Amino acid sequence: MKKKLLGAILSAAMVMSLLAGCGSTAAETAAPAAEAVEEAADTAADAAADTAATVEEAAEKVEEAAADTGAAAGGNIKVGFAQVGHESDWRTASTKSCQDVFSAENGYDLSFVDCDNDEAAQKEAVRSFIEQGVDYIIIDPIIATGWDTVLTECEDAGIPVIVIDRTIDDSDKYVSWVGSDFLTEGKAAGEWLKAYAEKQGIKEINALIIQGTIGSSAQIGRTDGFNEIAKREGWTVLDQQTGDFTEAGGQEVMESFCKSYAGKFNVVVCENDNEAFGAMTAMDNAGVKYGPGNDVILISYDACTAGLEDVKAGKITADFECNPLAAPTVEGVIKTLEAGKTPENQILVPDNWYALKDQIVDFAVEGNAQKMIEVTDDVIAAQY
Ligand code: GYE
């Protein structure tokens, strides 16, 4: 009995001394938190005078109070993440990366919301984070516009917003954006195609584009980048339609393309790997041959493991990476803010371009020479 009472008082004392060691944000919440612990410790002492059972209860109360105060005092940083959805392999890798980084072990309480590609649900998720009083809000915006109102609400609540992956193009009320340069990805695909077609002696390009979610910055950048080169080179873009970044969407669009443009196209650009998987099924069913050495050049973006496996198998001709592992960089932004410093407003995650040896050609984007990586089993094994 004595031991338990001592334990209760000790844990109260430990929590109070921990609280004393916390930074400035903690100091604001530490006083009421410490009071709660003190009260609980008093209860424990009072209870000790009664029976062994009540001492145990009181000790539990002390522990509960300690747990509550730990979070309130900044022991754990509360982060809300409004994720796009679960539409692709890329997204799965991004979600896993965030959950790994913002884990309880690493000192975070993560509220994760899969918004299932629903713009209204994503705004609601952000508002629920404001209500919860999280310390930071991370948003991967499904589409690039319509953000100013809800970001103003975050600002009014004093909660810093960090944008990950896709950009917000109509508001600057966020601290940092961490992601890839989608326009460069699109231009790289176009410049690679120009160099590769030259090497192969292909004179005419008739392309079909399966776009990502319309209005997302990933779609806008990739479509605009590729089309810029197409226009400059005088290529024909026969059609472009959205497959919503999904395998089912890619298959559906390609099925209709195969009917409408049978025998007329020699390039298919899929704005992510999952759309390419669907497009391949549709082309298989329509008897269209694609990949190196075949009628149709198949270009994809993301370069996730399964995409690179299809490059290795001679199905996807070239794959332009978009790195989904931005969460460690976002954590860096949070640490910078916690230290009272100002993080950079834009942080680029670097990407690589992949093909098999014979499809690797020299090309430049905006005058900058690009390097391509040859896909081997080791490269695939190291990919996410
Ligand atoms: O390319 C696609 C995903 O926003 C860059 O979204 C991301 C894109 C990625 O669904 O696979």
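Predicted model: local features only at pLDDT ≥ 70, side-chain atom pairs only at ≥ 80, totals over all residues.
## Overall architecture

The protein contains 13 helices and 15 strands. It has 384 residues, of which 50% count as buried. Among contacts in the protein with a separation of 6 or more, 71% are between residues 24 or more positions apart.

The accessible surface of the protein amounts to about 17300 Å². Carbon and sulfur atoms account for 50% of that surface.

## Ligand surroundings

The ligand is surrounded by 13 residues, and the closest are Glu87, Asp165, Arg166, Arg222 and Asp302. For aspartate 302, a polar side-chain atom is 2.6 Å from an oxygen atom of the ligand. For arginine 166, an N or O atom of the side chain lies 2.7 Å from a ligand oxygen atom. For asparagine 272, the separation between a polar side-chain atom and an oxygen atom of the ligand is 2.8 Å. On its own, the ligand has 300 Å² of accessible area, and the protein covers 100% of this area.

## Glutamate 87

Glutamate 87, one of the closest residues to the ligand, is located in the loop between β1 (77-83) and α4 (89-101). Its relative accessible area is 14%, which is under 20%, so glutamate 87 counts as buried.

The side chain of glutamate 87 makes a polar contact of 2.8 Å with the side chain of arginine 91. Leaving aside residues up to four places away in sequence, glutamate 87 touches Arg166, Phe245, Thr246 and Asn274. Arg166 is itself among the closest residues to the ligand.

## Aspartate 140

Aspartate 140 occupies the loop between β3 (136-139) and α6 (148-156). Its relative accessible area is 0%, and aspartate 140 is therefore buried. Residues up to four places away in sequence being excluded, aspartate 140 touches Phe81, Ala82, Gln83, Val84, Trp90, Arg91, Gln122, Ile164, Asp165 and Arg166.

Two of these neighbours can be described further. The C-alpha atoms of aspartate 140 and aspartate 165 are 5.9 Å apart in space, while the two residues are 25 residues apart in sequence. The side chain of aspartate 140 also reaches the backbone nitrogen of arginine 166, at 3.4 Å. Asp165 and Arg166 both belong to the closest residues around the ligand.

## Aromatic contacts

Eight aromatic pairs are found in a search of the whole structure. One of them joins phenylalanine 102 and tyrosine 108 in an edge-to-face arrangement, with 4.9 Å centre to centre and 85 degrees between the planes. Phenylalanine 102 has a relative accessible area of 3% and is buried. Tyrosine 108 likewise counts as buried, at 3% relative accessibility. A tilted pair is formed by tyrosine 301 and phenylalanine 320, with 6.1 Å centre to centre and 50 degrees between the planes. This pair links distant parts of the chain: tyrosine 301 belongs to strand β9 (residues 297-302) and phenylalanine 320 to strand β10 (residues 318-321), 19 residues apart. Tyrosine 301 and phenylalanine 320 are both buried.

Tyr301 and Phe320 also belong to one aromatic cluster together with Trp192, Tyr196 and Trp353. Elsewhere, a charged residue meets an aromatic ring: lysine 123 lies over the face of tryptophan 147, at 4.5 Å from the ring centre.

Technical notes. Residues numbered from 1 in each chain as written. Heavy atoms only, no water. Phe/Tyr/Trp six-rings, centres within 6.5 Å; stacked < 30°, edge-to-face > 60°. Buried < 20%, exposed > 50% of the residue type's maximum accessible area, 1.4 Å probe, protein only. Helix = DSSP H or I, 4+ residues; strand = E, 2+ residues; numbered from the N terminus. Lys NZ or Arg CZ within 6 Å of the ring centre and 35° of its normal. Contact = heavy atoms within 4.5 Å. Areas by Shrake-Rupley, 256 points an atom, 1.4 Å probe, with all protein chains shown as cover. Near = heavy atom within 4 Å. Polar contact = N/O pair within 3.5 Å; in protein donor to acceptor, adjacent residues only side chain to side chain.
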